[in-house]
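Let me put the sequence and the model up on the screen, and then we'll walk through a few spots together.

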Amino acid sequence: MRFSRRLLGIGAVAAVLLSAGAVAYAADALPFSDIAGHWAQDEIVRVAGRGIVEGHNDGTFGPDEFVTRAQMAVFMDREAAEESKPIDARRGCPDCHQGKYSLKHEAVEKGGAVHESLADEADINVCLACHAPGTGDREGKGVVAPLSLRDIVHPVHMGSKTFTGHYMGNCFTCHNVDGEGAFQVLSQAVDTDSKGVPDVAPIPGAQDSK
C-alpha cells in the first residue's frame, strides 16, 4: 500500500495513533496555541505528551496541515520505540494506587458516596473491613458489603488494558507466594529491581489472602 505524500492531516494522525474519550483542558494548559476546540484536540495533547508528535517553533501545531510520508515514518518509529521501552515492575497496592488513583478515589468512583468518609490514605485493610469474605449467611458476599474484595479486584485488574498492557501487570503485582504455596496480598509498596524481584525478604507488608 502506497501513502500519498499528502494523505493525512497531522491532527488526524494524532487521532489514529491514540483515540480515547474527551478530556476538558483549560486553553492555557494546552501544549499548542492553535488546537483549542479542534476535533482532535485531546488526542493531540496525549500524543504530544508522549513525545510522538511535536509542534512548530512558534508554539503552533498546525492540526489541519498535511503530513508527509517522512513525518509519518517518524511518528510510527517514535511509537514503536515507546512500545519497546522496558517498564519497571510495580508491586504492592500503594505502588500504583496513589494520588488520583488512590484506593479511596477508586472506591468513590466505582462505588459511590458511601466511600467518601474513607481516609485519603486508606489501604487494603480498610477495604477488607467491609469486603472480607463473609461466612454463614454472608457466604459468597463481603462481611458487610454485597461483594468480597477478591470478586471486585481480580476482574477489574485482569480486564484492564492499562494494567495488563501498559504496566505489564500480573498476579505478582499484587501477590506473593508463601512457603506453603499460598498467595499473600502485598498491602505495602515493595522495593524491587526493574523485574520485580524484592530488595528485602521476607517481603514487608505481605499478608495472608482473605
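So, which residues form a nonpolar patch on the surface? They are I87, Y167 and M168, with about 290 Å² of accessible area together.

Before I go on, a word on the source. This is a predicted model, where local features need pLDDT of at least 70 and side-chain atom pairs count only at pLDDT 80 or more, while totals for chains, interfaces and linings use all residues. Residues are numbered from 1 along each chain as its sequence is written, and side-chain values use heavy atoms, with hydrogens and water left out.

Back to the patch. Patch residues have over 30% relative accessible area and no salt bridge; like charges are joined within 9 Å, and nonpolar side chains (Val, Leu, Ile, Met, Phe, Trp, Tyr) within 5 Å. A salt bridge here is a side-chain nitrogen of Lys or Arg within 4 Å of a carboxyl oxygen of Asp or Glu. Areas are Shrake-Rupley with a 1.4 Å probe, and for residues only the protein chains shown count as cover.

Look at M168: you'll find it in the loop between α8 (161–166) and α9 (171–174). Helices are DSSP runs of H or I with at least four residues, strands are runs of E with at least two, and both are numbered from the N terminus. M168 counts as exposed because its relative accessibility is 55%; the scale is buried under 20%, exposed over 50%, partly exposed in between (1.4 Å probe, protein chains only).

Next, the rings. There are 2 aromatic pairs in the structure. Rings of Phe, Tyr and Trp (its six-membered ring) pair if their centres lie within 6.5 Å; planes under 30 degrees apart are stacked, over 60 edge-to-face, and the rest tilted.

F32 and F61 make a tilted pair, 4.9 Å centre to centre with 35° between the planes. F32 sits in the loop between α1 (10–17) and α2 (41–49), F61 in the loop between α2 and β2 (66–67), 29 residues apart. Both F32 and F61 are buried.

F172 and F183 are also a tilted pair, at 6.4 Å centre to centre and 40° between the planes. F172 is in helix α9 and F183 in strand β4, so this pair ties together parts 11 residues apart in sequence. F172 is partly exposed at 43% relative accessibility, and F183 is partly exposed at 40%.

Last, the sheet. F183 is the bridge partner of V177, and 3 bridges join β3 to β4 (residues 183–186), running antiparallel. Strands pair if DSSP finds at least two bridges between them. The open sheet has 3 strands in the order β3-β4-β5, with antiparallel pairing. Its edge strands are β3 (175–177) and β5 (206–208), each pairing on one side only.
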